[in-house]
Every structure is written in structure tokens, then in C-alpha cells.
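This report covers confidence, fold, packing and chain contacts. Keep the sequence and the 3D view open while reading.

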Amino acid sequence: MRGPDVSTSAALASAISAQFSARARWSPLEMVFWLGAFSTIWLLPEQHLILTEIVIWALLALSLDLILGYAGIISLGHAAFFGVGAYTAGLLAKHALVGEPVLALLVSGLAGGAFGFATSFLVLRGTDLTRLMVTLGVALLVREIANRAAWLTGGADGLQGIDMQPVLGLFRFDLYGHTAYIYSLTVLFVLFLLARRVVGSPFGLSLLAIKGNPLRASAVGIGQTWRLVGIYTLAAAYAGIAGGLLTQTTAFTSLESLSFDRSADALLVLIIGGTGHLYGGLIGAVVFRFAQDWISTATPQYWQFWIGLFLVLIVLVGRDRIGGWFAPLRRLADRISGWRPWRPGPAAAPDEGGRP
Amino acid sequence: MVTILFDGIAYGMLLFVLAAGLSVTLGLMNFVNLAHGAFAMAGGYAALVVVNRLGVPFALGLVCAFLFSAALGALLERTLYVHVYAKSHLDQVLFTIGLVFMSVAIVDYTMGSSQQFIAIPPSLQGQVTVFGLGMSKYRLMIIVICGILTLLLQLGLTRTRFGSRLRAAVDDQRVARGLGINVGAVFAFTFALGSGLAGLGGALGAEILGLDPIFPLKYMIYFLIVVTVGGTSSITGPFLASLLLGIGDVAGKYYVPQFGAFVIYTIMIVVLIWRPQGLFVRKGAR
Amino acid sequence: MTSTTTTPALETRALEKRFGGIVASNQVSIAIARGARHALIGPNGAGKTTLVNMLTGVLKPSGGQILLDGRDITILDPHERVRLGIARTFQINQLFADLTPVETLGLAISERLGTGTHFWRVPGTRPEVVDEIAALLERFRLTDVMHERTAVLPYGKQRLLEIALAFACRPRVLLLDEPAAGVPDAERHEILAAVAGLPTDVTVLLIEHDMDIVFTFADRISVLVNGQLFVEGTPDEVARDPRVKAVYLGESLDA
């Protein structure tokens with residue numbers, strides 16, 4: 001599609017429109033990806049429990065991608081929103097405030113989003129370093145609150161006695177996780193569609209501009225504050241829904257949902273698949289969860305060591321030119337997302353966060 | 001009241017010795033080293049091994065802690081960190097979190113997961129009365145040692161040739177290179193020194209902060225607060241920030257025990273709203 | 001409306017900027033008439049870029065005032081000033097490396113039309129935006145590279161995109177910070193043609209080292225030396241001024 005006829009102004013206008021709509025169009029690979037995902041409902045029925053976990057990781061990583069990949073904000077405390085959503089869903093179900101899971105999930109998302117909105121103003125300011133401190137500090141603070149408020153949250157024992165009602169009043173959660181998986185995957189798909197639309201909009205484009213060159217962005221009239229608040233709030237709502245899903249599908253939540261490990265693992269999941277694609281987190285979640293499964297069978301303890309080693313290696317080798325089995329995956333993510341088909345050659349990984 | 005102030009100062013000075021290296025690393029290379037606490041933990045365990053198992057005197061154990069962490073710091077700096085300086089902050093964060101996780105798992109595997117204490121000689125236990133006030137001997141020792149170290153650091157930075165080179169490099173690396181300063185070597189040495197101090201702090205603080213494998217995670221936020229609140233343009237900023245944090249934390253845990261842990265987060269948020277660039281940052285500095 | 005015709009498009013009153021002990025701008029008062037082609041010249045380190053950065057809000061002045069059409073904009077943020085009609089180019093390219101020229105221009109146009117925060121629309125579906133992108137691509141000779149990532153464009157095209165992007169903001173006052181800097185001679189005429197072809201109702205402040213460009217383009221010149229306004233006048237007056245010759249033109253016209 002390179003170099004279309006632009007000799008007349010009508011042809012030029014349609015070439016411009018075509019360039020924009022190419023972003024919005026679904027590529028065949030993208031459709032294959034989702035068909036593949038939904039086919040697991042019938043093809044891998046005995047794997048639904050682990051697949052549900054993967055979906056939840058994918059949603060959390062997708063949420064992180066919205067702020068890291070599209071706004072360049074590094075967060076060490078994304079679990080805060082995940083946990084807020086998890087406990088919201090748990091309390092709603094336990095006290096039968098909102099019995100229907102889909103509605104309760106929406107409320108969890110709202111809770112996560114509201115908390116994200118409130119804390120976004122702290123994250124807007126300052127450098128990467130202050131953002132690290134604030135995100136980490138906020139997550140620790142929430143965890144501490146959940147720990148202290150044992151009368152409400154069950155403290156260190158976790159929130160028990162959650163009895164889930166059927167989804168939409170029709171589909172009961174079963175022991176094999178079939179309902180849970182179909183439910184989670186559908187939620188992921190819907191939220192993915194929403195995110196895809198948002199990052200492809202003028203708003204999404206302006207976020208990329210802010211991330212790419214904040215100085216120039218403001219020089220063409222793009223105000224940063226409310227855009228960053230907006231995407232941070234949306235990402236927090238997504239994380240809240242992911243947390244809500246975890247609670248609803250396991251009928252349990254604990255302080256683990258707020259832990260630093262969860263924040264760090266979410267970062268890892270996203271990095272595996274690559275940032276700024278939307279698909280990165282989804283692919284990363286599959287790799288992460290199966291690697292976790294495999295490693296914990298091989299060496300039951302010290303999973304953390306391998307995660308650490310992996311993080312160190314990923315950086316030393318270089319995220320953008322990581323060898324072996326990651327390059328094809330990353331290219332896949334790139335191709336699936338259909339991100340600018342006219343771009344020459346494989347896309348160079350943009351530099352997230354750090355100053356040039 | 002005075003006791004709380006005293007404990008808070010001891011705690012704060014300890015934090016300063018622990019975090020001083022990190023603030024220089026940040027100022028010098030703009031490098032976010034979240035694994036700084038791992039060096040402190042390494043020092044703590046080094047002292048634990050030589051004092052508790054080999055029966056080395058406590059003071060010598062502290063020296064061992066310093067040397068062990070400094071050597072570890074120098075080794076890792078030359079072999080691993082040096083490849084990550086030029087990378088983005090995201091890469092630095094991932095890399096150093098990776099190191100933290102590895103250190104946690106390694107220590108857990110070799111030393112066990114429970115909290116341990118370094119045997120303190122009887123001469124340092126109990127209280128001593130100064131000006132009619134009962135004070136913990138151990139905390140008094142911390143204040144004395146950390147105070148001396150702070151003075152030495154300050155003198156070293158302002159009075160020695162190395163100090164002026166370091167300050168030049170922190171101010172402007174390119175200019176420093178142009179003046180013939182070997183910034184890489186300055187940095188390696190500083191990194192080792194900072195790691196050594198952290199190790200010493202880890203050994204000294206085992207009694208107060210505890211020593212277990214999740215030490216680097218537990219205190220990561222404290223170190224981050226010290227450097228963001230204190231800034232990186234001098235050591236005075238981090239020093240004052242450490243004292244503020246130490247006194248705030250101790251006082252909070254004493255006066256409002258149910259909200260004790262929240263005090264430091266409140267400090268953090270208030271400072272951030274009030275002075276987003278840090279409390280003690282020079283005007284015009286970055 | 002009689003008073004507005006005499007109000008300068010852009011004015012500074014005793015504008016000052018100090019960095020620590022260094023005075024980068026010292027009591028600079030300049031009035032730029034509506035529709036003017038005003039050039040700002042001066043040796044390296046005279047404080048030209050500092051002045052532009054204060055005019056556009058990148059730097060906060062230590063003292064003094066900035067007025068756009070008589071309105072005080074001294075404390076406004078950069079993006080707010082753009083909305084009021086002041087846009088700039090950068091001496092060193094400040095572009096969006098991963099976006100194409102089409103996306104880059106679309107961004108600025110949407111922003112101006114107030115649709116930049118729409119989060120549910122596919123960009124480029126509005127005919128008026130598409131038509132304006134097309135017009136800008138043609139005016140600034142960017143049609144042949146419209147599908148390329150900005151990062152891979154030839155330097156001369158990037159310079160053109162710099163100007164096109166500022167122009168896409170439909171400014172009433174346009175600040176051009178050395179638009180031809182670093183452009184090879186072969187591509188230079190494209191830039192100069194673009195600058196010369198700017199509509200006459202747009203007020204232009206040109207910061208430039210190259211005296212050929214200044215004297216062909218400007219109808220008024222301000223000379224800045226050591227952060228201070230040294231001389232101001234028509235090109236003829238400035239060219240004849242012995243002090244300017246001594247301080248500035250007398251030196252080699254390098255840099």
C-alpha cells in the first residue's frame with residue numbers, strides 16, 4: 001500500500017483516510033487470535049482453571065499497558081487497584097450487597113477507577129523516581145489498611161465465606177471452572193475491544209504524543225494533566241475488574257492480591273509480551289503462567305529466584321532484541337495488533353518511561 | 001518524649017547510612033537501583049555468619065559486613081550494572097527488581113526464612129544514663145557510629161580530591177569527562193562505598209530493623225522516600241530526610257500505634273503535594 | 001476596534017530570566033506589530049532561545065510580562081498559549097518519532113478543533129480534518145512521505161514538518177526558531193519557500209543566524225546581545241547602525 005496515487009486532492013484525502021482507518025481495521029491474525037482464544041472453551045475443557053488465571057493476568061497486564069505502553073508511566077504498585085477491585089467484589093458478594101456477578105464486577109471496576117482517579121494526581125507530578133515511590137507507597141498503604149481492617153477484610157486470613165451467585169442469574173459457577181472461564185474470557189474480550197477503541201482514538205493518539213515528546217505535545221496545544229488522569233483512571237478501573245474477577249472465580253481474596261509481588265509480576269507479564277501493543281499482556285500472561293506451572297513442577301520452591309533471573313536476563317539481553325523464543329512471540333504481538341502495516345521492517349520497541 | 005526523639009534519631013541516622021549510597025547512585029548516573037536494600041541485607045547476613053557462627057567480635061563483624069557488601073557491590077557493578085546505566089528507567093527497574101527477587105530467594109535458601117539476630121556483646125546491652133536520661137546503649141552506639149560516618153562522608157565529599165571529582169561528575173558528567181575525570185572509575189568506587197555503607201547499616205540495624213530474606217523489599221519504600229524527599233544534589237538533603245522519616249516513624253508507632261505504619265506514607269504524600277521536586281532540593285536543580 | 005489595531009500582536013515588558021547568578025534575559029521589551037515579519041538576531045548565547053522559551057511558556061520568567069494581543073499570558077501553560085494563538089517551531093527538531101506526518105498533523109488539527117480528547121472516534125473520519133491535513137501536506141511538500149514514520153524522514157522533510165506542525169495550530173503569532181538550521185543547501189530553498197509563503201495575516205517572529213535569510217525576509221529586526229535588547233529598527237537601520245556592526249556584524253557571521 002506504499003505510495004498510493006496522491007496526484008489529485010480527492011486521492012490525497014482518501015489516502016489520508018485510509019492511513020487512519022488501517023489502524024482501526026481488524027487484521028486476519030487478530031481474528032485468528034481471538035477465535036483461538038474462544039475455541040479453548042471447547043478444545044481445552046480440562047484446562048479451564050489455569051486458563052482463567054491466565055485471563056486475569058492478561059487483564060491486569062493489559063491495564064498496566066494502558067499506562068506504561070501508552071502514557072509512559074512506570075508503576076510499582078498496580079496491585080493496589082487490583083486489590084481494591086478484589087476486595088470490593090468479595091465484600092459485595094459476602095454481604096449480598098450486589099449479588100449478580102456482572103453488576104458486582106462493574107462496581108469493582110468503579111471502585112478501582114475511583115481510587116485510581118484519586119491517586120492519579122500524585123502520579124502526575126515529578127519524575128520516574130517519584131512515580132515509583134508514589135505507586136509503591138500507595139500500594140503498601142492500601143495493603144496495610146486491608147491488613148489492619150481485619151473486621152472488614154479478614155486481615156491476614158483473607159476474606160472468606162464468599163458465596164457467588166450465578167452469572168446473570170443463569171450460569172452457576174462450577175467446580176471445573178467452566179463458567180468462570182467463559183465469563184472471564186468474555187469480560188477480557190469486551191474490555192479489550194474497549195481499550196482498542198480508546199487507544200486508537202484521537203485521545204489515544206495524543207497519549208502517544210505526550211509519551212513520545214511531551215515538550216512538543218504541549219507546543220501543539222495538548223494539555224497533559226487531564227489526559228494522564230483519564231488513562232490512569234481507566235487503567236485502574238481495568239485492574240479493579242481483574243481483581244474482581246479473581247475474587248469471583250475463586251470465591252476468595254487475600255492480601256496477596258495487594259502484594260508487591262503481584263505488581264512486579266504484572267510488570268513482568270507485560271514485558272514478556274512487549275508494551276504498547278495491547279496484545280503484549282495477553283501473550284505474556286500465557287507464557288508467564290505456563291512457565292510458572294512448569295518451573296514450579298521442576299523446582300517447587302524458589303519460583304521467585306527464576307523470576308528474578310529472568311528479569312535480569314531480559315534487561316541484559318535487551319528487551320527489543322531478545323533472542324530465542326521471544327522474538328517470534330513479539331513479532332506475533334506486533335503483527336496481531338496490525339500496528340501500522342506500512343511501517344518498514346519490524347518495529348523498534350519504543351522507549352517507555354525513561355528519559356532519552 | 002526525649003526517648004522517642006532519641007530512638008527516632010538513631011533510626012533516622014541508620015536509614016541515612018543505609019540509603020546514602022543510593023542517593024549518590026541516583027545523582028551520579030540517574031540510575032534507579034531498587035536492589036540497594038539487597039546489599040544491606042548481604043552485609044547483615046555476613047555479620048551474622050561471622051559473629052554468630054565463627055565467634056568473631058561484634059565490631060569486627062561490622063567491618064566484615066562493610067567489606068563484604070562493598071566487594072559484592074564492586075563485583076556486580078563491574079559485571080552487571082555497568083551494562084544497564086544507559087538503558088531506560090523501565091529497564092533499570094526491571095533489572096534491579098530481578099536482583100532483589102534473586103537475593104531474596106538465595107538468602108531464603110541459604111539462611112532460612114525466619115528473622116534472625118546478630119549476637120550483641122553484653123557491653124552493648126541495657127541502658128546507660130546520660131544527663132539523667134536512660135538511653136539504650138545500642139542505639140547510642142548507632143548514633144555515634146552513624147554520626148561519625150556522616151561527618152566522614154561530608155568531609156570526604158567536600159575536602160578530598162575524590163570528593164570534588166565526584167561532585168563534578170554528579171553535576172555534569174560530560175564536563176567532568178572533559179576535565180579528564182574517569183567517571184566510570186569514580187562511579188565504581190562510589191558504588192562499592194555506597195554498598196559497603198548499606199552493608200554496615202544492615203548489620204548495625206539488624207537489631208532494630210530485623211534481618212530476614214524480605215529485607216530488601218520491606219525497606220525499598222524507605223530508601224525511595226529518603227532519596228526523593230532528600231534529593232540527590234548533596235548529602236545534607238537525604239540526611240535531613242532520613243531524620244524526618246526516622247523520627248516520624250518512631251513517633252507515629254509510639255503515639256498512634258494503630259496508625260503507626262501510615263505515618264511515613266502520610267509524610268510522603270504531604271511532601272509530594274507540597275514540594276513535588278523534593279523537600280531539600282536546591283532551587284534550579286533538576 | 002480602533003484600539004486593537006494599534007495593540008501589538010505580541011509584546012514583552014521588561015522580561016527577565018535568571019538562572020542562578022546568570023542573567024539570560026535582561027529587561028527585554030519588544031513589541032511585534034500585527035502581520036509583521038520580525039527577526040530576532042544576536043550572537044550565540046545572546047538569549048534568543050531563552051526568550052522564545054519564555055514566550056511559549058516552556059520557561060517561567062523571573063520578572064516582567066508577556067502580552068498576546070494585549071492579553072497577559074505570562075503565567076499560562078504552553079498548551080494554553082497555543083489555544084490563544086501562539087505557536088512555535090524548535091531549533092532542534094521536536095517531533096513524534098513514531099507517528100507519521102499525517103498522524104502528527106491530524107493531532108494538532110484535532111486539538112485545535114477541540115476533538116483531541118474524543119476517545120471513541122476513529123481519527124481521520126472528519127472530512128474537515130482530512131482536508132486540512134491534505135492542504136498542509138501539499139503546502140509543505142510532505143505528500144511523498146506521508147506514510148513514513150517521522151523518525152526515518154530526511155532531515156529537510158523533518159524541518160518542513162516542524163513548520164507545518166506549528167502552522168497546523170493556525171497561530172496568529174508564529175515563532176520560527178532557526179527554521180533552516182542544519183538543512184543542506186540543496187534542501188534549503190524548500191524551507192525558505194515555505195517560510196516566505198506564510199499568509200500575511202500571520203505575525204511571524206523569526207530567530208535566525210543566517211543574515212541572508214534575515215535581510216530578505218524581515219521588515220523589522222531586533223538585535224539581542226548578552227540578554228539585552230541592543231538595537232531595534234528596519235533592516236536598513238540595523239544594517240547601517242555602527243554599534244551593530246561593531247558588536248555583531250563585525251564579527252564573523254558564523255554559527
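## Chain A: fold and confidence

Chain A has 15 helices and 0 strands. Helices (H or I, at least four residues) and strands (E, at least two) are DSSP runs, numbered from the N terminus. The model is predicted: local features need pLDDT of at least 70, side-chain atom pairs count only at pLDDT 80 or more, and totals for chains, interfaces and linings use all residues. Residues are numbered from 1 along each chain as its sequence is written, while chains are lettered from A and ligands numbered from 1 in the order in which they are written.

pLDDT is the predictor's confidence in each residue, from 0 to 100. Its mean over chain A is 86, and 87% of the residues reach 70 or more. Among the elements of chain A, helix H11 (residues 225-250) has the highest mean, 96. Helix H15 (residues 326-336) has the lowest, 57. Residues 339-356 of chain A fall below 50; beyond near neighbours in sequence, this stretch has 37 contacts in the model. Contact here means that the C-beta atoms of two residues, placed from the backbone, lie within 7 Å.

## Transmembrane annotations

UniProt, in an unreviewed entry, places "transmembrane region" features on chain A at residues 48-67, 79-97, 103-124, 180-199, 225-246, 267-291 and 303-322. Such annotations may be inferred rather than shown by experiment; positions follow the numbering used here, and feature names are shortened. Residues 103-124 of chain A are 100% helix and 0% strand, with end C-alpha atoms 31 Å apart. Residues 267-291 of chain A are 80% helix and 0% strand, and their end C-alpha atoms lie 15 Å apart.

For chain B, the unreviewed UniProt entry gives 56-76, 138-158, 179-200, 220-247 and 254-274. Residues 138-158 of chain B are 100% helix and 0% strand; the end C-alpha atoms are 30 Å apart. Residues 179-200 of chain B are 82% helix and 0% strand, with 33 Å between the end C-alpha atoms.

## Packing

Of the 356 residues of chain A, 54% count as buried. Buried means 20 or more other C-beta atoms within 10 Å of a residue's own, exposed means 12 or fewer, and partly exposed lies in between; C-beta atoms are placed from the backbone. Among chain A contacts with a separation of 6 or more, 78% join residues 24 or more positions apart.

A nonpolar core is a set of buried Ala, Val, Leu, Ile, Met, Phe, Trp, Tyr and Cys residues joined through C-beta atoms within 7 Å. The largest one holds 276 residues; Leu59(A), Tyr238(A) and Ala164(C) touch the most other members. Helix H1 (residues 2-29) of chain B gives the largest share of this core, 17 residues. Leaving aside neighbours within four places in sequence, Tyr238(A) is in contact with Leu59(A), Leu62(A), Ser63(A), Leu66(A) and Leu191(A).

## Where chain C meets chain A

In this interface, 41 residues of chain C are in contact with 35 residues of chain A. Helices H3 (78-84), H4 (101-113) and H5 (127-139) of chain C each give two or more residues to the chain C side. H4(C) gives the most, with 7 residues.

## A hairpin in chain C

Strands S10 (residues 220-225) and S11 (residues 228-233) of chain C pair in the antiparallel sense over 5 bridges. Pairing requires at least two DSSP bridges between two strands. Ser222(C) stands opposite Glu232(C) in S11(C). The hairpin has 2 residues between the strands, and Asn226(C) takes a positive phi near 50°.
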